[in-house]
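I opened the notebook to look at one fold.

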Amino acid sequence: MTAFPSAFDTDFFRSALGRFATGVTVVVGPDKDHPGRAVGLTVSSFNSVSLDPPLVLWSLARHSRSLPHFLHGAGYVIHVLSASQLAVAKRFAWGEQADRFRDHPLTASPHGLPMLDDERCSAWFECKPYACHEAGDHLIFIGEVTHCGRSAHQPLIYHAGDFDLTPTQG
């Protein structure tokens with residue numbers, strides 16, 4: 001049974017959703033199969049949920065090869081990318097995991113999770129798993145924020161199916 005009538009135009013729906021500008025994040029967590037390694041991907045579905053407790057959410061397609069690492073992992077770090085990190089967004093959006101981290105240093109979050117060692121991020125959120133919900137062809141991950149940081153860097157934007165630099169204020 002499909003959630004949409006057969007006449008529903010999913011390409012048009014995707015295009016309509018693309019009219020909503022959103023920030024760009026890279027989510028990084030431990031590789032469950034190779035201790036000491038990390039997995040990461042570009043995500044634009046990040047959002048706040050609650051201040052008390054501090055909760056955020058993001059979603060991941062069920063067919064993603066990264067899914068098992070986040071579904072069964074101890075946590076993850078969400079990096080809000082800045083306008084100067086367009087290359088990072090593209091690198092983590094496609095290709096093999098090993099290539100995503102090549103020549104990109106990692107450090108450890110306060111609780112020892114892998115995170116990008118990149119001071120250009122607009123913000124970062126270290127999260128422990130709080131809940132995971134099935135929603136159509138995606139899973140929604142809700143993380144409880146244990147630590148976070150921020151900078152004055154303007155965020156990178158995703159709009160109409162492409163990355164965009166944050167408009168400057170005149």
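I traced an open sheet of seven strands, in the order E3-E2-E6-E9-E10-E5-E4, with antiparallel pairing. Strands here are DSSP runs of E with at least two residues, helices are runs of H or I with at least four, and both are numbered from the N terminus. Two strands pair if DSSP finds at least two bridges between them. E3 (38-43) and E4 (47-51) stand at the edges with a single partner strand each, so one side of each has no neighbour in the sheet.

I noted my ground rules. This is a predicted model, where local features need pLDDT of at least 70, side-chain atom pairs count only at pLDDT 80 or more, and totals for chains, interfaces and linings use all residues. Residues are numbered from 1 along each chain as its sequence is written, and side-chain values use heavy atoms, without hydrogens and water.

Next I checked one pair. E5 (residues 54-61) and E10 (residues 138-150) pair in the antiparallel sense over seven bridges. Leu60 has Leu139 in E10 as its bridge partner.

Then I looked at helix H3. Which of its residues are buried? They are Val88, Ala89 and Phe92 (buried means under 20% relative accessible area, 1.4 Å probe, protein chains only). Seen down the axis of H3, they fall within an arc of 100°, so they line one face of the helix. The arc is that of the directions from the helix axis to the C-beta atoms. Just after H3, Gly95 takes a positive phi of about 90°.

Conventions
Buried means under 20% relative accessible area, exposed over 50%, partly exposed in between (1.4 Å probe, protein chains only).
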